[in-house]
Structures are given as structure tokens and as C-alpha cells.
Amino acid sequence: MKRNDKEKFMALAIETSHVGIRDQKGGPFGAVIVKNGKVISVAHNEVTSTNDPTAHAETVAIRRACKELNTYHLEGCEIYCSCEPCPMCMGAIYWARIDRVYYACTREDAAKIGFDDYFIYQELNKPLSSRKIKAEQLMQDEAMKALEEWRKMTTKKHY
């Protein structure tokens, strides 16, 4: 049976997740970024091998794709993920302006093996004062000067 392109790209993301597991690089996740039918980047989770909690497959794939395409916007790209992206990765996908997300396993599937992001989804819906990790605002007036400087800047690159 011949696979369509979407299935080929997803199969690559899934196989990449296996590579990461076998090489003991991190969790069981893989991601592939595609533009115009061409694979731009491939990545697996590298959290434990790099000691970087942000080195999820999706963020690593985004970093590589941006470097490959020499841009910080990935419009026209699609991302294929072996599992539904976590809140951090979805944020990165939105910031990168990726057009479409395809995923295989769900967040519920991941939760069953110990990757439970549900708590983060719940936390983000709470007011800052009710979250597990406490947040305290400091020096707003001083920091506002940088925001104002940026606002007035005529040579800035919007992103």
C-alpha cells in the first residue's frame, strides 16, 4: 500500500521518535517540518541528553527549520508530530507562524505513560495568584521604558 505524503511525513516523525528513544536522547517524541512538500527539518526530543527542558521535538525542529530557511517565521510550513504538542510547543508553533499541525498520539495517550501536560493546561487558565508557581511583579515602570523605546524605534523588525 502506497502512503500519501501526509502519511510519509508522519511516519518519519514517528520513526524519529524511535531513534531518540534508542539513542537515549529524551522522551518518545518526534517532529518533522515540511514546506511545499519538502522536508525542512527533522528532530526528536533531546531534553535529557541536552539538559534542556525546552528541547522538545517540536521546538528543536522549529529551531532547525528557522536556521535552514534563514527566517524566524515559518509561514507555508506544516509540522508533523508523533504526539499532540504540549502547551509550550503549541506556543512555539504559533510564534513561528506554522500553517498546520498534524499529530498522531493525543495528550491523553502521553499522560498514560507519565507525560501529563493536563496540569499545565489547567494552570494557564488560572489567575496568576492561584497558580502553583507563584509570580510577583517587580519594577514595571523601569521595564516600561524598554517597551516604549521599542515602540518608538523605526528600524525594528516585527515578529
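**A helix and its surroundings**

The buried residues of helix α4 are covered by parts of the structure that include α3, β3, β4 and α6 (118-124). These buried residues of α4, which spans residues 87-96, are P87, C89, I93 and A96, where buried means under 20% relative accessible area, exposed means over 50% and partly exposed lies in between, with a 1.4 Å probe and protein chains only. An α-helix has 3.6 residues a turn, so residues three or four places apart point the same way. After α4 comes R97, whose phi is positive, near 65 degrees.

Before going further, note that this is a predicted model, in which local features need pLDDT of at least 70 and side-chain atom pairs count only at pLDDT 80 or more, while totals for chains, interfaces and linings use all residues. Residues are numbered from 1 along each chain as its sequence is written, and side-chain values use heavy atoms, with hydrogens and water left out.

The protein has 7 helices and 4 strands, where helices (H or I, at least four residues) and strands (E, at least two) are DSSP runs numbered from the N terminus. Read from the N terminus on, the elements run α-β-β-α-α-β-α-β-α-α-α. Taken along the principal axes, the C-alpha atoms fill a box of roughly 60 × 40 × 25 Å, and buried residues make up 31% of the 159 residues.

The strands form an open sheet of 4 strands in the order β2-β1-β3-β4, with mixed pairing; two strands pair if DSSP finds at least two bridges between them. Its edge strands are β2 (38-44) and β4, each of which pairs on one side only. From one strand to the next, the twist averages 15 degrees, with axes being lines fitted to C-alpha atoms, for helices over the stretch in contact, and angles running from 0 to 180 degrees between N-to-C directions. Helix α3 (residues 57-69) packs on this sheet, touching β1, β2 and β3, and its direction makes about 140 degrees with that of β2; contact here means heavy atoms within 4.5 Å.

Strand β3 deserves a separate look. Strand β1 (residues 30-35) pairs with β3 in the antiparallel sense over 5 bridges, whereas β3 and β4 run parallel and are joined by 5 bridges. The residue E78 of β3 is the bridge partner of V34, and E78 also stands opposite R100 in β4. Because 6 of the 7 residues of β3 are buried, this strand is largely enclosed by the rest of the structure.

Finally, consider the pockets. On a 1 Å grid over the protein atoms alone, a cavity is a set of points where a 1.4 Å probe fits but cannot get out, and a pocket is an open set with protein on both sides within 12 Å along at least five of seven lines, while lining residues have an atom within 4 Å of a point. The largest pocket has a volume of about 240 Å³, a volume being the space filled by probe spheres set on the grid points, which are joined across faces, edges and corners. Of the 16 residues that line the largest pocket, F29, N45, H56, F115 and D117 are the closest to its centre. The second largest pocket holds about 170 Å³ of space, and among its 13 lining residues P28, F29, S82, C83 and C105 lie nearest its centre. The largest share of this second lining, 4 residues, comes from α1.
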